[in-house]
Amino acid sequence: MTASPSCQSLSPVLETPRLILRVPTAADFEPWAAFMADDSTRFIGGPQHPAVAWRGMATMIGAWTLEGFSMFSVIEKATGRWIGRLGPWRPHGWPGTEVGWGLAPEAQGKGYAAEGATSAIDWAFDTLGWSEVIHCIDAENHASIALAERLGSRRLRSVVRPPPLEGPVEVYGQTREEWRTRRR
Ligand SMILES: CC(C)(COP(=O)(O)OP(=O)(O)OC[C@H]1O[C@@H](n2cnc3c(N)ncnc32)[C@H](O)[C@@H]1OP(=O)(O)O)[C@@H](O)C(=O)NCCC(=O)NCCS
């Protein structure tokens, strides 16, 4: 079961010890586009022109209205900087209820992705009522696989995601019960 926009806040804000997760706004575009232009995006489609990044950001913001959930912008509390986006993601035809992640290079290697994803997965299970989370990951994306496994997810299967994406990816994931058992 998933929650509809009418039965929950369209502007949720999640807080962790070091991060704020909030719905993206137009003010996030500059750092968002800089991240999407960086080489570290090689496993999420590769570096993009800002005009293409704008479309991607608009899609993620629009999904909040369409579905009542989408990825959050991640704000570093200590600096107020936008450092990435992560959270629930299930565009049309998607192979499951995903919690995905992507942080700007300067924000990686600090445990921020795990901290933010933990909060987003709690939110997906507790507020959206999801019964499973998945993470679609390129088999060569070792940092993302390490994060999925750190969160308790395991490899489930391979899939080909809907157009315009191409090529197989690995699906990692876990059930709500597995997550809650681990969190207790
Ligand atoms: C995938 C991605 C989000 C992982 O980010 P990450 O920062 O490595 O993940 P974590 O939050 O789990 O951080 C773990 C690292 O932080 C380090 N760390 C430092 N301080 C820490 C702390 N206080 N708590 C936990 N870990 C900490 C850990 O030692 C670990 O480093 P290591 O990998 O060198 O051992 C990141 O590589 C990324 O955004 N890549 C580009 C986009 C992308 O490919 N997205 C995934 C698509 S499937």
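Strand 7 (residues 154-160) and strand 8 (residues 168-175) pair in the antiparallel sense over 6 bridges, where pairing requires that DSSP find at least two bridges between two strands. The model is predicted, with local features needing pLDDT of at least 70 and side-chain atom pairs counting only at pLDDT 80 or more, while totals for chains, interfaces and linings use all residues. Residues are numbered from 1 along each chain as its sequence is written. Helices (H or I, at least four residues) and strands (E, at least two) are DSSP runs numbered from the N terminus.

**Strand 7**
- Within this pairing, V159 stands opposite V169 of strand 8.
- Strand 7 lies largely in the open, because 0 of its 7 residues are buried, a residue being buried if 20 or more other C-beta atoms lie within 10 Å of its own, exposed if 12 or fewer, and partly exposed in between, with C-beta atoms placed from the backbone.

**Ligand shell**
- The ligand is surrounded by 20 residues, of which the closest are Q108, G111, A113, A114 and A143; a residue is near a molecule if its C-beta atom, placed from the backbone, lies within 6 Å of it.
- Two or more residues of this shell come from each of strand 5 (98-103), helix 3 (112-126) and helix 4 (142-150), and helix 4 gives the largest share, 5 residues.
- The shell divides into 11 nonpolar, 7 polar and 2 charged residues, where Ala, Val, Leu, Ile, Met, Phe, Trp, Tyr, Cys and Pro count as nonpolar, Asp, Glu, Lys and Arg as charged, and the others, Gly among them, as polar.

**G56**
- G56 lies in helix 2 (residues 50-67) and counts as partly exposed because it has 16 C-beta neighbours inside 10 Å.
- G56 and W32 are 24 residues apart in sequence, and their C-alpha atoms are 9.8 Å apart in space.
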